[in-house]
Amino acid sequence: MSADIESLRAVPGIGDKMAKRFIEHFGTESLALEAILRADIAGISQVEGIGQRFAISLVHDIRSKTEGVGISDFLRTEEAMAVYEKLLELIKDYAHTSYARDKLHIHIPYPSKRSDAIMQMRSSVSGYMETAKLLGEDTEIVSMLTRVKPLNIKLTVPKIRDRVIICAEQETFEYARERFGSMMDVQLAGSLSEFVDMARGYSHVVAADDVYLSFDLPEDIHPEFISDIRKSQDWQIIPEKEMIVFSRNLSSLQCAIDVVRILRSRNVSFLDDVSDDELEVLASTLSLIDDEGNVIEGTDEEIDRLRYVIANLDACVAAALKDANLKFDESLAKSEFTLGGQDMLRVMKGSMEVKDVMGKQLHESYYSVMKECAASICDELNLQKKEMLFIDALFPDEICHPVELDREQLSSFRQHMERRVLTRQLEHKRELGKVLSSYLDIARNMIREVLDFDVGFAVACFARDNGLEMPEIVDGPGLALEQGRNLFIASRHGDVVPIDYSVGRNSYSPEGDDSRVILLSGVNSGGKTSMLELIAQSVILTHMGFPVPAESSEISLTDGFYYFAKSKGTLDAGAFETTLTEFAVVADDSAKMVLADELESITEPGASAKIIAGILEVLTENKQSMSVFVSHLPELILENTTCKIRVDGIEASGLDADLNLVVERSPRYNYVAKSTPELIVERLSKKTSGGEQAFYEKLKKKFN
Ligand SMILES: Nc1ncnc2c1ncn2[C@@H]1O[C@H](COP(=O)(O)OP(=O)(O)OP(=O)(O)O)[C@@H](O)[C@H]1O
């Protein structure tokens, strides 16, 4: 289909300015072109300055260019188009995604010369109908589908502030700045002191030149050495870049995976290019991150432990310190100072201070309280050996009261732990980034396939819930419906009386009568217009390759469909002329289906009967056409022609208990249905009393 459209400029209706907006929106020209060729109406509608209407007409234009037919090739009148649009609105209600709702617009009825497209669509829709039946009322797939959205790929990685690439060479610096500078800091440092100063400002440092290997770095600086940054992969330096499409589209991707899983569990072959194993790797990788791209809690014990320490450090230290002071106070209260004889002599000689003797005695209890305090912090925070050393160092050797902590040591412990979380997270992100970088195409494809599934699935759900079945395509010209149900009445009222009807050549034709041109007569409100609507719906849906609202049906393909609804206009000369001009188009000899509703209202009955008779004669001469004309003047029309025209009738059989007309909705073949005025008279007589009733009774007798 895309064979001859290789650039945006080749798309009808897209100029330079518009092309620029498309590229801005989709990221690249090829992605924009792909969206247009794949008829992503929802996506195109979001391009600045383009609404849904324009997107639909753009897609229709391009498809009519590539497929050789457009929507108005088959739908030849405004009313035919209106029925198509109403049908589409009904089907759109069954879409679970706005993508599918919009994309349903690409389905148009094709004329018979594109029977290949109709047949192809029939086979695709039949597959979806099978799937819909198989899934039954599966609410899970529906709830998953509704949460799948087109992949948002227009994402910028938020600048990473705690990591840096430091380069020694100008050339490396320029390369790294060009490649990574928008996502993280890239610095140039020639000397050791410059390097150390810069490195101290970041949690993670990539040293991007070998020169640094010879530096004698202080203990607190642990850069990661990369000897050739040109050879490094994006996931190594900035895994966030590979992960962002996945994290920001997380829920959509996870729901799409679930849709694929559900379909596969029901043996529906779907997304065949992706194996179950690949799908599960993607699923399990995604289960490790949140929508910000962070490793979620519970997936890495060490990260969780470090985060716990950081979160609880202050409170835990404060509580332990308070407890230590209490204990130290207690021990002070219990302490007595005794000076032994020898020490007394030493003090008197001046070779020993009383303070020292007291310190020696106090130190023991101070030391044991502090030891207990540090142990309780380490225990509470589940610290490892190396970390315990930091805690031990929090307490001053010198006795002080109340006990004070080394605040600087505490904050450097915190920094140490934060750096470790970041390093550990970076390791994780690299692993995830590496895996995910190879899954981008799969993810994109999966989302597209799932969204496209919803387009066909919507048609199938619509068919399932409304009892639609694929029509049998016959040579015809002919149309037969068994137990047909007008979809518009069904959607308005719910209750529809099913109808059987046959026009032209088919296996349901009444006693071998294959009349193709028919006058449909009948009682007021009998359902004549509804009958035409039902035929219109069935003809349009058949030519779309869709099922029709009938339990079984036979329908032949035709080149064009003409529907002329009941005229609402005035009977002036201008309106009459316009209507005649509209009808002139049916005069050619192409295969067509023509439906007309009470055409007689265009002028006075005598003249209109002549005109209708003339039109029906023209249609009769065309062996490939079928037509049904609703009229209250069948006898008058027949008087004006010698052509064999079948008259069918929808009649009323009586009154029900509420005095409503009981109508036999399926037309009776070869039968001129009366307006049954005697039933109206009977109804009036039953509804009235006294003199009025006597009047109606008198009229009623006239019918006996
Ligand atoms: N098969 C059906 N099942 C249930 N209701 C129907 C059916 N056909 C028609 N109706 C209802 O009957 C009413 C009249 O139908 P419709 O307008 O088609 O009759 P009509 O014969 O064209 O009337 P008029 O001669 O006045 O133009 C509509 O409101 C419609 O809902």
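This is a predicted model: local features need pLDDT of at least 70, side-chain atom pairs count only at pLDDT 80 or more; totals for chains, interfaces and linings use all residues.
The protein is divided into four stretches: domain 1 covers residues 1-68, domain 2 covers 160-237, domain 3 covers 472-673 and domain 4 covers 676-704. Between the C-alpha centres of domain 2 and domain 3 there is a separation of 81 Å.

A first place to look is helix α4, which runs over residues 52-67. Which residues of α4 are buried? They are Ala55, Leu58, Val59 and Ile62. Seen down the axis of α4, these buried residues fall within an arc of 95 degrees, and they therefore line one face of the helix. The elements that cover the buried residues of α4 include α2, residues 29-37, and α3, residues 41-45. Just after α4 comes Gly68, which takes a positive phi of about 85 degrees.

Further along the chain, a pair of helices can be examined together. Two packed helices are described by the angle between their axes and by the distance between those axes. For helix α8 (residues 115-135) and helix α21 (residues 440-466), the angle is about 65 degrees and the axes are 8 Å apart, and the crossing in which α8 passes α21 is right-handed. On the α8 side, the residues that meet α21 are Ser124, Val125, Tyr128, Met129, Thr131, Ala132 and Lys133, while their partners in α21 are Gly456, Phe457, Val459, Ala460, Cys461, Ala463 and Arg464.

Tyr175 lies in helix α10, residues 170-180, and counts as partly exposed because it has 16 C-beta neighbours inside 10 Å. Leaving aside residues up to four places away in sequence, Tyr175 touches Ile229 and Arg230, whereas Phe561, 386 residues from Tyr175 in sequence, is 64 Å from it in space, C-alpha to C-alpha. Val196 belongs to helix α11, residues 192-199, and is partly exposed, with 15 other C-beta atoms within 10 Å. With residues up to four places away in sequence again left out, Val196 touches Leu217, Pro218 and Ile221; the C-alpha atoms of Val196 and Ile221 are separated by 7.3 Å, although the two residues are 25 apart along the chain.

Asn524 is found between β8 (517-522) and α23 (528-544), and it counts as exposed because it has 12 C-beta neighbours inside 10 Å. Its C-alpha atom is separated by 104 Å from that of Asp329, which is 195 residues away along the chain.

Leu659 is exposed, with 12 other C-beta atoms within 10 Å.

How values were computed: Residues are numbered from 1 along each chain as its sequence is written. Helices (H or I, at least four residues) and strands (E, at least two) are DSSP runs, numbered from the N terminus. The expected span of a helix is 1.5 Å times one less than its number of residues. A residue is buried if 20 or more other C-beta atoms lie within 10 Å of its own, exposed if 12 or fewer, and partly exposed in between; C-beta atoms are placed from the backbone. The arc is that of the directions from the helix axis to the C-beta atoms. Two residues are in contact if their C-beta atoms, placed from the backbone, lie within 7 Å. Domain bounds come from an automatic or database domain assignment. Axes are lines fitted to C-alpha atoms, for helices over the stretch in contact, and angles run from 0 to 180 degrees between N-to-C directions. A crossing is left-handed if the near helix is turned anticlockwise from the far one by less than a right angle, and right-handed if clockwise.
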